Amino acid sequence: MTVNSQQRAIHKNSNNSKYGAILALSAVAVNVILSYTMYRMGLPFFLDSAGTIAVSALTGMLYAGIFTAVVTNVICSFFNDGAVYFAFFNAILAIYTVWFVRKYSFRQIGKTILFALSVIFLSAAADAFSQYALFGEEEVSVIAQNAHSFAAAANIPYFLSFCVTILLMNVLDKGSSIILVTTIIAVVPKEKLAVFQNNFWKQKALTKSELKSLDEWRRDIKISLRTRNTLTIVITSLLLVLFMGWIGTRLYFTQLKEDRIKKVQNLIKIASEVIPTDKIDEFIKDGFDSPAYQETYSMLYKLWEASGDRFYLYVVRIENQGARFVFDISSPDSETEALSPGQLVPFDKEFEEHLPDLFAGREIAPVEEKNLWGWLVALYYPVKDSSGKCVCYVGADVLLNYMAGYVRIFILKVFMTLAGFFILVIAYALWTTGIYTSYPISTMASCVDRFAKSGEDQEKLDENVKIIRSIDIQTGDEVEKLYHAICRMTLNQAEQMRDIRRLSDSTAKMQDGLIITMADMVESRDSDTGAHVQKTAAYVKIIVEGLKKKGYYAQKITPKFMSDVVRSAPLHDVGKINIPDGVLNKPGKLTDEEFAIMKTHTTAGKKILENAISTVQGENYLKEARNMAAYHHERWDGKGYPEGLHGEVIPLSARIMAVADVFDALASPRVYKPAFPIEKALAILQEGAGTQFDAKCVEVFMDALPEVKLILKKYNPGAL
């Protein structure tokens with residue numbers, strides 16, 4: 001890649017990123033403006049998800065949609081306190097929208113309608129849950145206000161009115177948003193939408209088919225880089241959220257409890273001042289029969305009622321056997337019955353360590369306990385007479401049970417607040433891991449793997465080099481440096497392979513030239529072979545290609561085998577160099593002794609080529625040359641020479657050469673006979689199929705008669 005092309009690509013990526021950021025921020029602005037407008041108008045819907053659905057649908061990216069959702073609700077919380085709790089649900093909406101556009105399309109009307117209905121009902125369920133779980137039926141809620149108004153106007157139960165209100169709100173809210181997105185996608189050309197869909201990549205944008213291929217390539221990986229990073233981020237973030245939530249909840253509960261205790265402590269101090277210290281014995285004896293008792297009880301009750309808090313208020317006198325009640329203030333609708341004046345209650349075990357202080361009339365620390373009245377904190381404040389003697393205690397049991405309800409709501413609010421940010425953090429981590437690490441490394445690895453599997457195929461090597469260089473990774477970090485290093489490495493390796501191939505081709509040509517030279521030296525001693533080596537090599541090529549085409553001997557006939565057989569075919573008669581001229585060029589029929597000498601050219605050829613093989617350390621093409629030289633006179637039925645091999649025991653290359661050699665001998669003139677007509681030569685071949693020759697070799701030879709005739713016409717035109 002040149003410097004100019006790199007600069008253009010970087011500029012293009014930069015522009016694309018700006019487009020994506022502008023789109024997301026614009027969507028946030030649209031959400032906030034619409035939501036603020038609806039809020040100021042007091043309408044029961046907020047339109048704070050239109051931009052979220054639009055960004056999710058246009059980009060198809062989780063992070064963009066979730067970012068829009070969460071940032072929108074955070075900003076909306078400045079004028080609507082409850083908005084931040086809905087960030088989680090809007091983030092889920094973004095995820096659902098991205099899933100939909102990746103699997104389907106807003107151009108599919110039927111699928112879009114189903115999507116809209118599911119969004120409306122799921123959003124309605126989420127809003128209903130949030131309303132009841134977080135706010136109950138508070139009149140400050142716009143939804144609750146409209147539901148109450150609708151219930152009164154339609155004379156229907158509030159719950160039914162609430163459900164209808166929630167559903168209609170989401171029909172208008174989510175339905176209008178989906179209609180807007182569908183319209184945009186239908187009107188804007190696909191190539192324009194692609195600008196938004198591809199703007200977040202830090203490399204060449206991957207198509208759906210490329211992503212699918214990448215997933216298939218990663219199938220045999222036990223755990224992918226992206227999965228490992230995702231799990232690390234999710235687990236770390238989750239532990240952090242749980243820890244912070246636990247700490248926050250404990251701090252909240254502790255602070256709430258301390259505030260309650262402090263408030264009640266102040267109240268019982270005030271209560272201690274309204275108790276007449278000289279009438280305690282009278283109050284215990286007469287109770288409500290005493291006018292002073294009724295007056296004191298009334299003042300204590302008003303103090304308790306004015307506090308607006310939930311606790312038990314009472315006055316007791318400490319005795320050896322327990323606490324004797326003087327006053328027990330409770331609401332008329334209280335579930336527990338008030339204790340009568342003078343009633344003695346034994347001390348709970350939690351008070352045992354505080355009894356010395358109680359008997360001494362000193363103030364004690366709050367006592368936390370669980371008894372028949374529930375989970376509570378008991379507070380005691382001494383009431384002293386004018387001489388400073390403690391005559392009784394004002395006690396208060398601060399209930400902690402109901403505080404757990406506040407804590408549950410607090411936890412739910414914390415969870416919903418943190419959940420939105422948690423999803424945003426996860427989405428950001430997934431996005432950065434994906435575009436900066438996972439996808440670039442996976443793409444590079446798959447390309448390098450494909451490059452490695454190209455083997456010696458130069459076209460595939462060159463094509464894979466182009467593919468690797470087209471990835472255009474621009475992460476600006478070590479991954480990009482690795483990418484450029486891989487580009488250089490693969491290019492250099494492809495060029496080295498090209499140089500090696502040129503050298504190999506040159507070496508092969510030189511070897512072929514030596515083979516032809518050797519074959520010509522042998523042929524020059526034979527007065528009547530007439531281009532025998534050229535013709536037999538051509539026939540061998542016809543036969544081996546025919547076998548390959550028909551699928552015969554598929555495991556044996558590889559490209560390497562075919563090349564070796566054709567290249568070494570000219571050496572099949574190299575052993576004739578050892579045959580005396582008198583035998584080799586005798587014009588008449590050979591005697592038995594002379595024929596025995598002639599047959600030795602097979603074993604001589606085998607020995608010559610085995611010596612050559614040992615010299616060049618076992619080149620494959622020479623091994624096939626040895627097989628052809630040694631066994632091209634063997635017969636399928638086992639009656640040939642030199643070893644009497646039969647059937648497929650005879651090397652395939654020798655069986656191929658047998659057909660080519662005999663046909664050329666029949667169709668060419670010899671010193672001891674004229675050339676046979678081609679029809680007779682072919683008939684002899686067919687007659688020998690299955691006895692002298694491999695029937696499959698004869699079959700493919702007969703199928704290629706037009707090519708055979710072209711060779712005859714070139715080298716032996718008189719045979720046609």
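Q: Okay, where does E480 sit?
A: E480 is in helix α16, residues 478-523. Helices here are DSSP runs of H or I with at least four residues, strands are E runs of at least two, and both are numbered from the N terminus. Keep in mind that this is a predicted model, where local features need pLDDT of at least 70, side-chain atom pairs count only at pLDDT 80 or more, and totals for chains, interfaces and linings use all residues. Residues are numbered from 1 along each chain as its sequence is written, and side-chain values use heavy atoms, leaving out hydrogens and water.

Q: Which side chain of opposite charge is nearest to E480?
A: That's K481, 9.0 Å away. E480 is buried yet has no salt bridge. Buried means under 20% relative accessible area, exposed is over 50%, and partly exposed is in between (1.4 Å probe, protein chains only). A salt bridge needs a side-chain nitrogen of Lys or Arg within 4 Å of a carboxyl oxygen of Asp or Glu. For charge, Lys and Arg count as positive and Asp and Glu as negative, while His and the chain ends are not counted.

Q: Then what lies 2.6 Å from a polar atom of the E480 side chain?
A: The backbone nitrogen of G476. Setting aside neighbours within four places in sequence, E480 also contacts I473, Q474 and T475, with contact meaning heavy atoms within 4.5 Å.

Q: Switching to salt bridges: how many does the structure hold?
A: There are 18. One of them pairs D281 with R317, with the closest N and O atoms 2.5 Å apart. That pair links distant parts of the chain, since D281 is in helix α11 (residues 280-286) and R317 is in strand β1 (residues 311-319), 36 residues apart.

Q: Is D281 buried or exposed?
A: D281 counts as exposed because its relative accessibility is 54%. R317 comes out at 22%, so R317 is partly exposed.

Q: And what does E699 bridge to?
A: E699 pairs with K550, at 2.6 Å between the closest N and O atoms. E699 is in helix α24 (residues 695-703) and K550 is in helix α17 (residues 532-550), so their bridge ties together parts 149 residues apart in sequence. Both partners are partly exposed: E699 has a relative accessible area of 28%, and K550 has 40%.

Q: What about K606, which residue does its side chain meet in a salt bridge?
A: E643, at 3.5 Å, N to O. K606 is in helix α20 (residues 592-615), and E643 is in the loop between α21 (620-631) and α22 (652-667), 37 residues away. There's a network too: D281, R317, E319 and R324 are joined by salt bridges that share partners.

Q: New topic: how many residues are in the largest nonpolar core?
A: It has 38, and I543, L547, F663 and F701 have the most contacts inside it. A nonpolar core is a set of buried Ala, Val, Leu, Ile, Met, Phe, Trp, Tyr and Cys residues joined through side-chain atoms within 4.5 Å.

Q: Which helix gives the largest share?
A: α22, with 10 residues. The elements giving two or more residues are α17, α18 (559-568), α22, α23 (678-688), α24 and α25 (705-715).

Q: And what does F701 touch?
A: Not counting residues up to four places away in sequence, F701 touches Y539, I543, V659, F663, L682, L685 and V708.

Q: Last one: how much of the whole chain is buried?
A: Of its 720 residues, 45% count as buried. The protein chain has 25 helices and 6 strands.

Methods: A polar contact is a pair of N or O atoms within 3.5 Å; within protein, one must be able to donate a hydrogen and the other to accept it, and residues adjacent in sequence count only if both atoms are side-chain atoms.
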